[in-house]
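Please look over the sequence and the three-dimensional structure shown here before reading on. The report that follows starts with the terms and the basis of the model, and then moves from the overall fold to single residues.

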Amino acid sequence: MIRCLLVLMTAALLAAPVWAQDTKAPKVVITMEKGGEITLEFFSKDAPKHVENFVALAKKGFYDGQRVHRVEPNFVVQFGDPQSKTLPMNDPRMGTGDAGYKIKAEFNSRKFERGVLGMARAQDPDSGGSQVYLMLGPAPFLNGKYTAFGQVTKGMDVVDKIRVGDRIASIKVVP
């Protein structure tokens with residue numbers, strides 16, 4: 001009886017439609033204008049709307065040509081302000097631009113450690129949109145207060161060399 005039940009359950013699982021099975025999280029490759037590539041994988045189960053948002057912006061070319069507007073040693077490299085394409089780096093508006101909308105925070109149990117991708121925001125937890133940061137070192141004070149939604153899986157050496165004003169040539173979604 002139990003063996004028969006196991007056979008039926010196994011058959012049912014094997015017959016499950018593809019859409020019902022877990023799918024692999026998307027990846028992107030960031031290509032820096034001065035050379036080097038950074039591969040990011042996403043935490044789709046922990047922050048699905050953030051992943052969807054970032055991937056959609058990348059597919060539209062939103063980040064292509066932007067410059068990194070903030071680098072804090074041992075802390076973060078930040079980008080995502082569309083104004084960085086044209087404004088001088090010392091313009092007081094640098095770092096205030098966004099995609100024109102905000103998304104709701106998706107706080108999760110992921111730790112802000114070296115290589116983690118997080119959503120930048122203002123004081124309102126639901127004020128993120130397009131500005132993101134890559135962690136250069138651990139920052140436990142961000143845990144549970146900001147949305148972690150991805151991580152560097154290749155190219156952390158490239159991240160370590162990024163300076164304010166460095167330009168992103170492209171961000172491409174890859175299989």
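## Terms and basis

A residue is called buried when its relative accessible area is under 20%, exposed when that area is over 50%, and partly exposed in between, with a 1.4 Å probe and protein chains only. With that scale, Asn 74 is exposed, because its relative accessible area is 65%, while Gly 97 is buried, at 10%.

This is a predicted model, in which local features need pLDDT of at least 70 and side-chain atom pairs count only at pLDDT 80 or more, whereas totals for chains, interfaces and linings use all residues. Residues are numbered from 1 along each chain as its sequence is written, and side-chain values use heavy atoms, with hydrogens and water left out.

## Overall make-up

The chain has three helices and eight strands, where helices (H or I, at least four residues) and strands (E, at least two) are DSSP runs numbered from the N terminus. Read from the N terminus, these elements follow the order α-β-β-α-β-β-β-β-β-α-β.

Of the 175 residues of the chain, 44% count as buried. The accessible surface comes to about 9,800 Å², of which 58% belongs to carbon and sulfur atoms; such areas come from the Shrake-Rupley method with a 1.4 Å probe, and for residues only the protein chains shown count as cover. If contact is taken as heavy atoms within 4.5 Å, then among contacts between residues at least 6 apart in sequence, 65% join residues at least 24 apart.

## The sheet

The eight strands form an open sheet in the order β3-β4-β6-β5-β7-β2-β1-β8, with antiparallel pairing, two strands being paired if DSSP finds at least two bridges between them. β3 (70–72) and β8 (168–174) stand at the edges with a single partner strand each, so one side of each is left without a neighbour in the sheet. From one strand to the next, the twist averages 25°; axes here are lines fitted to C-alpha atoms, for helices over the stretch in contact, and angles run from 0 to 180 degrees between N-to-C directions.

Strand β2 (residues 37–42) runs antiparallel to strand β7 (residues 148–154) and is joined to it by four bridges; Leu 40 stands opposite Val 152 in β7, and Glu 41 stands opposite Gln 151 in β7. β5 and β7 pair in the antiparallel sense over three bridges, and the bridge partner of Leu 117 in β7 is Gly 150. β6 is joined to β5 by three bridges, with Met 119 opposite Val 132 in β6, and β6 also pairs with β4 over four bridges, where Val 77 stands opposite Leu 134 in β6.

## Helix α2 and the cores

Helix α2 (residues 48–59) packs on the sheet, where it touches β1 (27–32), β2, β4 (76–79), β5 (116–119), β6 (132–135), β7 and β8, and its direction makes about 120° with that of β8. Among the buried residues of α2 are His 50, Val 51, Phe 54 and Leu 57. Gly 61, which follows α2, has a positive phi near 80°.

A nonpolar core is a set of buried Ala, Val, Leu, Ile, Met, Phe, Trp, Tyr and Cys residues joined through side-chain atoms within 4.5 Å. Of the 32 residues in the largest such core, Ile 38, Leu 40, Phe 54, Phe 79, Phe 149 and Ile 171 touch the most other members, and the largest share of this core, five residues, comes from α2. Leaving out residues up to four places away in sequence, Phe 149 touches residues including Phe 42, Val 51, Phe 54, Leu 117 and Val 132. A second, separate core of eleven residues includes Phe 75, Phe 112, Tyr 133 and Ala 139.

## Two loop residues

Gly 97 lies in the loop between β4 and β5. Gly 97 and Gly 80 are 17 residues apart in sequence and 7.9 Å apart in space, C-alpha to C-alpha. Apart from its neighbours within four places in sequence, Gly 97 is in contact with Gly 80, Asp 81, Pro 82, Gln 83, Ser 130 and Gln 131.

Asn 74 lies in the loop between β3 and β4, and has a positive phi of about 60° although it is not a glycine.
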